[in-house]
Structure formats: C-alpha cells, structure tokens
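Hi there,

Here is the structure I promised to pass on. Have a look at it first, and my notes follow below.

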Amino acid sequence: MLTIAPIALEDRTDRPGRSHRSPWKIAPIAIEVRKGDLPLTPPFTPTTPTMDNYPPSPPSEPLGSGEEEPGEQFPTLKRDLSLWAVICLGINAVIGQGIFLLPGKAASLMGPAALLALALGGILCFGIALCFAEVGSRFQSTGGAYVYARETFGDFVGFAVGWMTCWVAVLSWAALSKGFTNVLAYFLPVVGQGWTQMLCAAALVALLTAVNLRGVGTGATVVKVFTLAKLLPIGIFIGFGLFALEPSHFVPFAPQGIAPSLADTTLLLLYAYVGFETLVVPAGEIHNPQRSLPLALLITLALCGAVYMGVYGVAVGTYGELAGSANPVAEASSRFLGPGGAVLVAMGIVCSVAGTNAGAALVSPRRFFAMAEQGHLPRILGAIDPQTRVPHIAIVLTGVLTLVLTVSGTFEQLLVVGVLARFAQYIPTAIAVLVLRRRSQGDRACSPATYRIPGGPLVPLLTLVLCG
C-alpha cells in the first residue's frame, strides 16, 4: 500500500523582521512505498507537488517603499506625497516675495533686455536641477543633498552638508516667519512691529508645526492651497496685462547695451530660481520618488521660468517708470486693473510668503530626521509616530528652534550662510553625477539612474564652473 503523509503549512506571518519571501513554510513530504503495493503503472502515476496546489503568497512591497509590511516592528514614513504635491513644494520654494519686487531691480540694470538675462539665468539654473534629477533618480530615502553626499563621498562630507543645511533651514524659516508679518502689515498694520509682530510670527510657526504633526498629507494640502492662492493673482496679472501692453515701452530694448551688464544681471537673476533643491528632501514620503523627483524638478523650473518671464514682460509693457520702482508689480497692475490691482497684488504677496513658510515647515524637519536615521544626530530625532507616520520629534524640535530664533531676533546676520549652504548642496551633487555614473558601471550595488542627463559630462561640468 502507498502511504503519503499530508503536507503541513506552517504560518510564518507572525514572525518579526522584514521579509519579502512567502509567509508559508512547506513541510517535507513523506512517501513510503511497501513491497506488495499496487504497481506504479498507469492510470496511477506519482506526481511531484507544485505550488499551484497551495495558497498564493501575499504581494510584497519593494524595499524603501515606506509602507509597513506584515510583522514589521517599527513604523515607517508614509508615501503620501503625489507628483503634484512635490511640484507645489518646489513652486513655493522658488516663487516667494521676490517675484513682486524683481522687475524694478532688473529694469534698472538692463531695461527690457533683462528678459534675456532672466531667460539665461533660468537655463543655467535648469542645468543644476538636471544634476539633482539624475542623482535623485537613484535614491528613495529622505535627505536630498545630504544623502547624495553621504552615499557618494562618505560620512564626513555627508555630515558637513547635512549639518549646514539643517541649521540654514531653521534660520530661513525664522526669517520667513518675520517676513510674513511684514507683508501682512499691509492689511493689519498692528502686526508690523513690536511685540505683536513677534507674537504673530511665533503663532504662524506654532500653527504650521501643529499642522505637520497631523500627517504629511495634511501638511502637503496646506502647501497646495497656498500654491494655488499665490499663482491666482499672478495669473490674473499676466492674463489681463497681456491685453494692455504698450509696444513703445520695449523701445529702446537695451538702453545701456546688452554686453556690459548681461553677466552681472544674469547672476543676480539666477538667485530668483534657487530653492528647487528642497523638493528632493522628503523623498521617503513621495510616491515612486525615482520617477517623480526628476519630473517635479523639470516641471517646477519650467513653470517658474514661464511665470518670471510673464510677470517681467507685463510689468515692462504696462508701466513706463518700472526701473527702480519699490513695488513694481502693484504699481503696474493698478494701471490696467484699477485701484483693486494693488490690493490683489498685496494679497498675492501674503499668500506667497505664507506658502513659503508652509513649505519650510514640511521640509525642514526631514533634514534633521535624515541625519538622525543614519546616526549623525541623536537617534531619537529619527523616531516616527505610529499613528501619523511622521517624524514627530524632529518636527517638534524644528518648530521649537525656529520659535526661539524668531522671538530672539538674533538670526538675521547669519542668513549670509544660506548662500554657502546652497553651494554646499549644488557642488557635491554635480560631482556625484559623474562619480555615480562611473561607479554604477562596475558596482551592482549602486542603484541605477532612472533619468540620465543628455550630453554626457557636459552639464555637470558646466554646473561646477558656474558654482565655482
């Protein structure tokens, strides 16, 4: 007689640790054939058991997805940022209060020909963004330039980049919170000075900190609302202004010539595009970051460039006394939108600065979290709330530090460090493009780039020349 022991399935789903294998363990099959049993001839033929007879394994998430798996002991960041949310983070970081003041400064340097410098500055900054796009397409973890520097050059360089960007992020947010009170004073003069200004700035920081503690999706929603709120008045200004252009305002096109001041004006206007690098920081909470980050970077810079060109072109074509104007967009809008134009622009400025604050509140804590996750800061800053799936300790710390600086008012002289911090991100990232390309050719452990800059090493090398 032929006896076949039943197959035992051992449930392994309750075992701790991360695993991407099937949660079922198949026990060995015992087959005993005794002499005198029925001959093994057709129609009976022994067969080898296959997995078709057993329950299918549950689907698994790829490593670094940010989603918790069955049996995982610790909470992970939740990938709740869509491509649109990441683009909004970039727009908020690039387009701030400066867009409403930029035309007066640019016109005083080159007149209408500053359009050329504005376009050239955008192209140069686009090259830097391409470097971030290629390197960012290799990674899924939170940290941005800090992660790129650490993985490419080691812990020392990574720590230096991360530490500098962490503190500059806090200093910048403190400055932005005070800047918000300055623009809000157009409608509420009482918040423009004294203890009421300090109280208003502190309240803004505390409110945005509380919002981001509720979840990254909640923080992203606030960012998206302010993005639309800032783009709406700008869109109205450009849309209506195109029908009010005076061609005579573009003549002469370059009253002081193009060559003498093109380089200086381009470098000045180049800074109007910086800030895009912040959108790569929360990569650990972005849906498919290796695809979303390159797209978000390119879309953000293209959209911001179009907005800058549109605003400057309309300002030149509608306001003949643009050069040197302290509030050029408001004065230009009053020419074709009437008295309500200045109010519209003032509302746009308030929403723009508020949106920049919202973006800083979301991104800045992730810088501290990324360093803590790798042991470069106390591990407690890498803690994740099991309910909201956000780095709650890092969020609270960032909010407290910003509040202290905002209330003390002793940070403004340190903001010059922000310029160094930007180059501390741009230069290592440009070099990382070349290093990681070479490393990926012989190292299978190096993650492949899902986006590659065309032109070989040309763009990274030009970026290094520009930053140097």
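Which residues make a nonpolar surface patch of about 560 Å²? In this predicted model, the patch is formed by Tyr 186, Phe 187, Leu 188 and Val 190, together with Val 343 and Met 347. Met 347 sits in helix 11. Its relative accessible area is 43%, so Met 347 counts as partly exposed, since that class runs between 20% and 50%.

Helix 11 also matters for the inside of the model. The largest nonpolar core has 115 residues, and the members that touch the most other members are Ile 95, Phe 132, Phe 276, Tyr 308 and Tyr 312. Helix 11, spanning residues 339–373, supplies the largest share of this core, with 15 residues.

Is Thr 278 buried or exposed? Its relative accessibility is 18%, so Thr 278 counts as buried, the limit being under 20%. A polar atom of the Thr 278 side chain lies 2.9 Å from the backbone oxygen of Gly 275. Not counting residues up to four places away in sequence, the contacts of Thr 278 are Leu 89, Ala 93, Val 363 and Arg 367.

Terms used
Residues are numbered from 1 along each chain as its sequence is written. This is a predicted model: local features need pLDDT of at least 70, side-chain atom pairs count only at pLDDT 80 or more; totals for chains, interfaces and linings use all residues. Side-chain values use heavy atoms; hydrogens and water are left out. A nonpolar core is a set of buried Ala, Val, Leu, Ile, Met, Phe, Trp, Tyr and Cys residues joined through side-chain atoms within 4.5 Å. Buried means under 20% relative accessible area, exposed over 50%, partly exposed in between (1.4 Å probe, protein chains only). Helices (H or I, at least four residues) and strands (E, at least two) are DSSP runs, numbered from the N terminus. A polar contact is a pair of N or O atoms within 3.5 Å; within protein, one must be able to donate a hydrogen and the other to accept it, and residues adjacent in sequence count only if both atoms are side-chain atoms. Contact means heavy atoms within 4.5 Å. Patches are made of residues with over 30% relative accessible area and no salt bridge: like charges are joined within 9 Å, nonpolar side chains (Val, Leu, Ile, Met, Phe, Trp, Tyr) within 5 Å. Accessible areas come from the Shrake-Rupley method with a 1.4 Å probe; for residues, only the protein chains shown count as cover. A salt bridge is a side-chain nitrogen of Lys or Arg within 4 Å of a carboxyl oxygen of Asp or Glu.
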